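Please go through the fold of this chain, starting with its sheet and ending with its aromatic rings.

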Amino acid sequence: MLNQMQTLGQVRDDFAAALARVPRRVILCAGTGCVANGALRVHDAFVSAIAAAGLDAVTELRTEEPHDAAPDVLVSKSGCQGFCQMGPLVTIEPEGILYTRVRVEDVPEIVERTLRDNEVVDRLLYVHPRTQQHCIGPKEIPFYTRQHRLVLGLCGAIDPEDLREYIHRDGYLAAERAWTRMTDQDVCDAVTESGLRGRGGGGFPTGRKWDLTRRSESDVKYVICNGDEGDPG
């Protein structure tokens, strides 16, 4: 949990130190498509199978634990990775192995061969449809190599339910800067200069929209976020 007295820098450093003490990580895609195909059951199966193999698994890092109490494996979830037709997706770090269409019955083999013996389970790798190459991870899979992700660049790598990990990846730095070092006019000017526009047909400049709201006089103002899953913004 976050300590209200900690600065972003302290949270970032503490989480980085705790993460560095964990040698292996298993990441389950918990997007809607993977969950519908049983990803949460696969997640629970990993926790059980890792413990049965005599390894210490945790689903949440505790930054206050001493170095000698570091777990062997961190089992976590990610947001939707986009490759829904191949889910459930399981990533093994730090090797960057991506296993596809993983079922509960596959978990003991992954734990034994990959987590314990450092082997790759070839049958669970994505197979390139043209070359028939078994792709180790996203860097070899055409679905990912043809993309250049910016906003979603960390999706699949971090746990979206752990704010500490987002902060560890420099999350909220812009918000911190806007809140502590910029005026409301500075914020609107920066957004205007960025060229950011609305996703509607008119492409209305976001900075101008914010500035109109800033200049309107009212004791109460509301921020409304479009949280619809289908909205690309």
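Strand 1 (residues 24-29) runs parallel to strand 3, and six bridges join the two. Strands here are DSSP runs of E with at least two residues, helices are runs of H or I with at least four residues, and both are numbered from the N terminus. Within this pairing, Ile-27 of the chain stands opposite Ser-76 in strand 3. Two strands are taken as paired if DSSP finds at least two bridges between them. In general, strands of a sheet pair through backbone hydrogen bonds, either parallel or antiparallel.

The model is predicted: local features need pLDDT of at least 70, side-chain atom pairs count only at pLDDT 80 or more, and totals for chains, interfaces and linings use all residues. Residues are numbered from 1 along each chain as its sequence is written, and side-chain values use heavy atoms, with hydrogens and water left out.

The sheet is open and has five strands in the order 2-3-1-4-5, with mixed pairing. Strand 2 (57-58) and strand 5 (97-99) are at the edges with a single partner strand each, so one side of each has no neighbour in the sheet. In total, the secondary structure of the chain comes to nine helices and seven strands.

For the chain as a whole, the C-alpha atoms fill a box of roughly 65 × 50 × 25 Å along the principal axes. Of the 233 residues, 33% are buried, meaning under 20% relative accessible area, with exposed set at over 50% and partly exposed in between (1.4 Å probe, protein chains only). Among contacts (heavy atoms within 4.5 Å) with a separation of 6 or more, 59% are between residues 24 or more positions apart.

The aromatic rings come next. How many aromatic pairs does the structure hold? There are five, where rings of Phe, Tyr and Trp (its six-membered ring) pair if their centres lie within 6.5 Å; planes under 30 degrees apart count as stacked, over 60 as edge-to-face and the rest as tilted. Phe-83 and Phe-143 form a stacked pair, with 4.7 Å centre to centre and 15 degrees between the planes. This pair links distant parts of the chain, 60 residues apart: Phe-83 is in the loop between strand 3 (73-78) and strand 4 (90-93), and Phe-143 is in helix 5 (residues 142-145). Phe-83 is buried at a relative accessible area of 3%, whereas Phe-143 is partly exposed at 30%. Ring pairs also link Phe-83, Tyr-126, Phe-143 and Tyr-144 into a cluster.
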